[in-house]
Amino acid sequence: MGKKQLLSEKRSFLERALGRGYLYLLLFVLYVPIVLIIIFSFTQSKVLGNWTGFTFSLYQNLFTGYDLNANVRVDPNLYRAIGYTGLIAVAAAAISTFLGTLAAIGIYNMNARHRKGMMFLNSIPMINPDILTGISLFLLFVFLGISRGLATVLIAHVVFCTPYVVLSVMPRLTQMNPNIYEAALDLGATPMQALRKVLLPELRPGMISGFILSLTLSIDDFGVTFFTKGSGGLETLSTFIYADARKGGLTPELRPLFSLIFLTILVLLIITNVRAYRQKNKLNQ
Amino acid sequence: MKNVLHHRRTWAWPYLLFLVLLVVLPLCLIGIYAFTDMDGEFTLKNFVMFFNKSEAVNTLIYSIAIAMITTIICLLLGYPAAYIMAMKSFRTPEVMALLFILPMWINFLLRTIATVELFHMLNLPLGEGALLFGMTYDFLPFMIYPIYNTLQKMDLSLIEAARDLGANRFQVFTKVILPLSVPGIYSGIVMVFMPTVSTFAISELLTLNKITLFGSLIQRSFGEGGITMWNYGAALSLLMLIIIGATSFFGNQDEASENMVR
C-alpha cells in the first residue's frame with residue numbers, strides 16, 4: 001500500500017479541510033507582519049500603519065540616498081550598516097567555509113574518540129545562545145586588551161558560523177566512497193591533485209550549503225555583534241535597527257529594503273527547491 | 001586497509017586551536033570574572049549581591065516562566081501543524097514546510113517591530129501578552145521543523161502493523177506516532193526554550209521596557225553600569241550558562257543540531 005493512501009485512508013473531507021484551515025490560519029498570522037512591511041513600503045508615512053497614498057518614493061529614497069519630499073538625506077549610517085553587514089557576512093562565510101571544510105576533513109580522519117571530542121567542542125557554539133557567545137567573546141577581547149571593531153565582529157561571526165559548515169560538510173565525507181580517492185592516487189595523481197580533482201568536487205555541495213547557511217546566520221545576527229562591535233560607531237543592519245527602534249521611529253527606508261531582501265530570498269529558495277525537486281525526480285526514474 | 005587520508009587528521013588542528021582559544025577560553029573567563037572582583041581577587045559577592053536582590057531573583061524566575069510558557073504554546077500550536085504537514089494532507093508538503101521556515105530569513109528585530117506595529121494598529125496594549133505573542137511568533141518555526149522531520153522519517157509500516165493488529169486511529173496516534181515523535185519534540189523544546197530564556201532585545205521592544213527579562217539584566221550590567229558591573233554581569237551569565245547546560249542535557253543535542261542543518 002502506498003504511503004499516501006495509508007495515511008489518508010478513513011480521513012473525511014471535513015477532517016482534511018480542518019487540517020488545512022488550521023495551517024493556513026497559522027501561516028496567515030505568521031505572514032501578517034511581513035506583508036504589513038511590504039504593503040507599507042509603498043507609502044510615504046514615517047510610521048508603519050499610516051497609509052498616505054500609493055507611491056514608490058521610499059524605494060526612490062533608498063536608491064538615491066536622498067528624500068526629495070522632506071529635502072533631507074537618508075541616514076548615511078543606514079548605507080554604512082548595509083555595507084558592513086554584507087562585508088562581514090561574505091568574509092565570515094568565506095573564512096568559515098575554508099576553516100570548517102579543513103576541520104571536517106581532519107575530524108573525519110580521526111579515531112572515534114577524538115572525533116567525538118571534536119564534535120562536542122564543535123557543538124558548543126551552536127548550543128550557546130548569542131548573548132553568552134557575545135559576552136564570553138567580549139570578556140576575551142577585554143582580557144587580551146584587543147580593542148573591539150570590525151576585526152572582532154568578524155572573528156565572532158566565524159566562531160558561530162564554522163560549526164554549521166563542519167556539520168554540512170561531514171555527511172558528504174561519510175557518504176563518499178574512499179576508494180575513489182585511492183584510485184586517483186594509484187592512477188598517478190599527486191595528493192594535491194587528488195584533493196582538487198576528487199575530494200573537493202565531492203564536498204562542494206556541503207561547502208556551498210555551509211557557506212549559504214553562514215551568510216544567513218551572519219546577516220541575521222544581533223546578539224553577538226552587539227557585544228563585540230565596540231563603541232567605535234560600527235553598526236550592522238541588526239544593531240542599526242535596534243538603535244533606531246530604541247530612539248523611537250524606524251527609518252522608513254528600511255521597509256523597501258527588507259521587502260526587496262525578502263523577495264530575493266523567496267526567489268532564491270524557489271529556484272533551489274525546484275532544482276532539488278527536479279533532481280529527486282531524475283534520480284527516481 | 002589503511003586509510004590513505006589518515007594523515008589528514010592534522011587538518012583539524014587549526015580548528016581545535018580556534019575552538020579552544022575562542023570558545024572554551026572565553027567561557028572559562030565568564031567563570032573567572034564571576035568569582036572575582038574588579039581587582040581580580042576571589043570573591044563570592046557577585047552571587048551574594050544577586051541572591052540578596054529579590055528583584056533580580058524574581059526576574060530570573062519570571063524569565064524562566066515566560067520561556068516555559070512560550071515553549072508550551074509553541075508545542076501546542078506546532079505539533080498539530082507538523083503532524084498535518086507530515087500526514088500528507090497537501091500535495092506538496094515540502095512547499096508548506098518551506099513557507100513556515102521562510103519568515104526566519106527576515107531579520108528577527110524587524111519582524112518584532114512589525115509585530116509591535118501590528119499591536120498598535122489593532123489598538124492592543126504592549127506588555128506580557130505582546131511578549132508571549134512576539135516570542136511565539138519568532139520561535140514557532142523552531143518547534144515545527146524538528147517535529148516535522150521526525151514524523152516524516154517515521155517508518156510507516158509500523159502504523160500499518162498497528163492497524164492490522166486492530167488499533168483504532170486514536171490508539172495508533174497515542175501508542176505509535178506520538179512515542180516515535182518524542183525525539184523531535186525534545187529538539188523542538190530545546191530549540192525554543194534556549195533562545196527564549198536568553199533573549200534580551202525583543203522583550204524591550206515588545207513591552208516598551210515595562211518588563212525586564214534576565215537577558216536584559218545581563219546586557220545592562222555590561223552596558224550602562226560600565227566596568228564596575230562586569231563581574232556581576234559575568235555571575236549572571238554563569239547562571240544563564242548553567243540553565244543552558246541543564247537544558248541541553250535534557251534534549252538530545254545531536255538530533256537538534258542535525259535538524260538545524262537540514
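# Two chains in questions and answers

Trainee: Which residues does Y108(A) touch, not counting residues up to four places away in sequence?
Mentor: This is a predicted model, and Y108(A) is found in helix 4 of chain A. Leaving out residues up to four places away in sequence, Y108(A) touches M170(A) and L173(A).

Trainee: Is Y108(A) buried or exposed?
Mentor: A residue counts as buried if 20 or more other C-beta atoms lie within 10 Å of its own. Y108(A) has 23 such atoms within 10 Å, so this residue is buried.

Trainee: How far apart in space are Y108(A) and F42(A)?
Mentor: In sequence, Y108(A) and F42(A) are 66 residues apart. From C-alpha to C-alpha, their separation in space is 52 Å.

Trainee: Where in helix 7 of chain A is the kink?
Mentor: Helix 7 of chain A covers residues 150-175, and its 38 Å reach from first C-alpha to last is close to the 38 Å expected at 1.5 Å a residue. The helix has a kink of about 30° shortly before the proline P163(A). The residue at the kink is C161(A).

Trainee: Is L263(A) buried or exposed?
Mentor: L263(A) lies in helix 12 of chain A, residues 254-284. I38(A) is 225 residues away from L263(A) in sequence but 9.7 Å away in space, C-alpha to C-alpha. Because L263(A) has 11 other C-beta atoms within 10 Å, L263(A) is exposed.

Trainee: Turning to chain B, how many helices does it have?
Mentor: Chain B has zero strands. Read along the sequence, its pattern is α-α-α-α-α-α-α-α-α-α-α-α-α. The number of helices in chain B is 13.

Trainee: What share of the residues of chain B count as buried?
Mentor: Among the contacts in chain B with a separation of 6 or more, 75% join residues 24 or more positions apart. Chain B has 262 residues, and the share that counts as buried is 42%.

Trainee: Which residues does V116(B) touch, not counting residues up to four places away in sequence?
Mentor: V116(B) is found in helix 5 of chain B and is buried, with 22 other C-beta atoms within 10 Å. L205(B) is 89 residues from V116(B) in sequence, yet 7.4 Å away in space, C-alpha to C-alpha. With residues up to four places away left out, V116(B) touches L126(B), L205(B) and L206(B).

Trainee: Where does N123(B) lie, and what is its phi near?
Mentor: N123(B) lies in the loop between helix 5 and helix 6 of chain B. N123(B) is exposed, with 6 other C-beta atoms within 10 Å. Most residues other than glycine have a negative phi. The phi of N123(B) is positive, near 60°.

Trainee: What is the phi of N209(B) near?
Mentor: N209(B) is found in the loop between helix 10 and helix 11 of chain B. With 12 C-beta neighbours inside 10 Å, N209(B) counts as exposed. Its phi is a positive value in a residue other than glycine, near 65°.

Trainee: Which helix gives the most to the side of chain B that touches chain A?
Mentor: The contact takes 75 residues from chain A and 74 residues from chain B. The residues on the chain B side divide into 53 nonpolar, 13 polar and eight charged. With 14 residues, the helix that gives the most to this side is helix 1 of chain B.

Trainee: In chain B, where is confidence lowest?
Mentor: The mean pLDDT of chain B is 86, and confidence in this chain is highest in helix 1, at 96. The pLDDT is below 50 over residues 256-262 of chain B, a stretch with 16 contacts in the model beyond near neighbours in sequence. Confidence is lowest, at a mean of 48, in helix 13 of chain B.

Trainee: What ipTM does the predictor give the complex?
Mentor: For chain A, the mean pLDDT is 87, and 95% of residues reach 70 or more. Residues 1-6 of chain A have a pLDDT below 50. For the complex, the predictor gives a pTM of 0.87 and an ipTM of 0.86.

Definitions and conventions: Residues numbered from 1 in each chain as written. Chains lettered and ligands numbered in written order. Predicted model: local features only at pLDDT ≥ 70, side-chain atom pairs only at ≥ 80, totals over all residues. Contact = placed C-beta atoms within 7 Å. Helix = DSSP H or I, 4+ residues; strand = E, 2+ residues; numbered from the N terminus. Nonpolar A, V, L, I, M, F, W, Y, C, P; charged D, E, K, R; others polar. Expected span 1.5 Å × (residues − 1). Bend = angle between axes of the 7 residues up to and from the residue. pLDDT = per-residue confidence, 0-100.
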